[in-house]
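Reader: I'm new to this and would like to learn how to read a protein structure. Could you take me through one, feature by feature?

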Amino acid sequence: MSSKCAVDARRSVWVTLAGAAATGLILASIGGAQAADPGQFDRSFNATLASKGGLGGPQPVGYAVQVQSNRKIVVAGSFTEAGGKGANNLARFKASGAPDKAFNKRIRRNGGLDYYVSSVAVQRDGKIVAAGDFTHAGGMKVNRIARFKASGAPDKAFNKRIRRNGGLNASAMSVVVQTDGKIVVTGGFTKACGKMASGLARFKAGGAPDKAFNKHIRRNGGTDVGANSVAVQRDGKIVVGGDFGRAGGRRVNSLARFKAGGAPDKAFNKHIRHNGGVLDEVDAVATGSDGKVVVTGWFTKAGGKAVNGIVRFGPHGAPDKAFNKHIRRNGGLESDVFVADVRSVAIQRTGKIVVAGYFTTAGGIAANGIARFGPHGAGDKSFNMNIRDNGGITGDGSEGDSVGGYSLAVQRSGKIVVVGMFSTAGGRSAPNLSRLFGG
């Protein structure tokens, strides 16, 4: 099966996971504490957003969301307007839900990105790394990866290096910035910086290729089909998920791990191979502080057992039997139209797991587009019932069968920001961006 792209023949629309939401990292708070039940939508935020216009354009969609340390919300995807003004595929909103006019104006003036952005990662200095299928960013030719300053101005020095080294030869799906500033990217590419690098590559903080890492990937074969998502663990090991059958030169099903230097983690991958991995496709991975790996996507079997859309593996690659048993018993994530496709996952500091995607049922409870599970795999009934009662994430019919949450970020306050393709959230207008309470 080929790597995903903007339009997926099997499910009509493909949207990648958001960079850091896929990593499961806890993002900075974008709002003060406010008493509300988990699963209730933040009406103040959503009303402000709706009054300003949210994300717009011909069939607009938000593919990625990140939250900066200054509480502002960075969104990326396939859109031409944000807050009623032009903004090509990258924009920023204030903590209140109002558009960040200064930032968006700079994006509009420099041209933004000429094609969709799949993933974004915010650096500690506030700079924004974007990855996708674009070839121009900020008025400069680049291939699928670019960086913008915190102000919205293009980072010319970084982008110039990307242009000179050739960038990526095909679409990037997910990007994450390591604690040392290096940038890890996955996708459908087979070359990075003019050298073979199948599905996984790394750049130095300044935009130059990480030659040693990429050489390891080239030698071990990377992934035989593009990788959709990436997460970096605390020990520097890199977990990738996708639709591949081989990784690091060995047979694995859709999930693999590489060491910090780029060599395959043979022990982890051996466990995945022996337990059957994930059938069929991984869209998001998140790693917890305990080293366990939560996986979501488009599948009904993982670790040799029936599970729907969500599964967890131990730190060494063995299935987390207790967690997966809960998922199997409560039904996991299901759709009334097709197999559920869970596009994004994040782990809260409490250990609870928030997911977004195309689904209508979570843990046996009706829940449109967003839901939560407890640390041990049981459905979070109170959260999911609130989603059910307020309608969850829905569309007006113009989106077809692709309505859902595509990427989410969990704030320190517990609030949850979600982007995707939808027109309403909690029964009120929400043009592809919304926020709800997480307790």
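Author: Let's begin with helices and strands: helices (H or I, at least four residues) and strands (E, at least two) are DSSP runs, numbered from the N terminus. You're looking at a predicted model, where local features need pLDDT of at least 70, side-chain atom pairs count only at pLDDT 80 or more, and totals for chains, interfaces and linings use all residues. Residues are numbered from 1 along each chain as its sequence is written, and side-chain values use heavy atoms, with hydrogens and water left out.

Reader: How many helices and strands does the protein chain have?

Author: The protein chain has eight helices and 37 strands. Its C-alpha trace spans about 55 × 50 × 35 Å along the principal axes.

Reader: What does "buried" mean?

Author: Buried means under 20% relative accessible area, exposed over 50%, and partly exposed in between (1.4 Å probe, protein chains only). Here, 61% of the 439 residues count as buried.

Reader: And which residues touch the most other members of the largest nonpolar core?

Author: The general idea is that nonpolar side chains tend to be buried together in soluble globular proteins. A nonpolar core is a set of buried Ala, Val, Leu, Ile, Met, Phe, Trp, Tyr and Cys residues joined through side-chain atoms within 4.5 Å. In this chain the largest one has 100 residues, and those touching the most other members are Leu-90, Val-120, Val-240, Val-295, Ile-310, Leu-333 and Val-355. There's also a second, separate core of 16 residues, including Phe-79 and Leu-433.

Reader: Where is Asn-432, and what is its phi?

Author: Most residues other than glycine have a negative phi. Asn-432 has a positive one, near 75 degrees. You'll find Asn-432 in the loop between β36 (428-429) and β37 (433-436), and it is buried at 5% relative accessibility. Cys-193 also isn't a glycine and has a positive phi, of about 60 degrees. Cys-193 sits in the loop between β14 (191-192) and β15 (195-196), and its relative accessible area of 14% makes it buried.

Reader: Which residues is Asn-165 in contact with?

Author: Contact means heavy atoms within 4.5 Å. Leaving aside neighbours within four places in sequence, Asn-165 is in contact with Cys-193, Gly-194, Phe-203, Gly-207, Ala-208 and Pro-209. Asn-165 belongs to helix α4 (residues 156-165) and counts as buried at 15% relative accessibility.

Reader: What do the buried residues of α6 pack against?

Author: Helix α6 covers residues 266-275, and its buried residues are Phe-268, Asn-269, Ile-272, Arg-273 and Asn-275. They pack against β19 (246-247), β20 (250-251), β21 (255-258) and β25 (310-313). After α6 comes Gly-276, with a positive phi near 95 degrees.

Reader: Is Gly-395 buried or partly exposed?

Author: Gly-395 is partly exposed, at 34% relative accessibility, and lies in the loop between β32 (393-394) and β33. Gly-395 and Phe-422 are 27 residues apart in sequence, yet their C-alpha atoms are 4.7 Å apart in space. Not counting residues up to four places away in sequence, Gly-395 touches Val-403, Ser-423 and Thr-424.

Reader: What about Ser-407: which strand is it in?

Author: Ser-407 is in strand β33 (residues 404-410), and it is buried, with a relative accessible area of 0%. A polar atom of the Ser-407 side chain lies 3.5 Å from the backbone nitrogen of Val-65.

Key. Polar contact = N/O pair within 3.5 Å; in protein donor to acceptor, adjacent residues only side chain to side chain.
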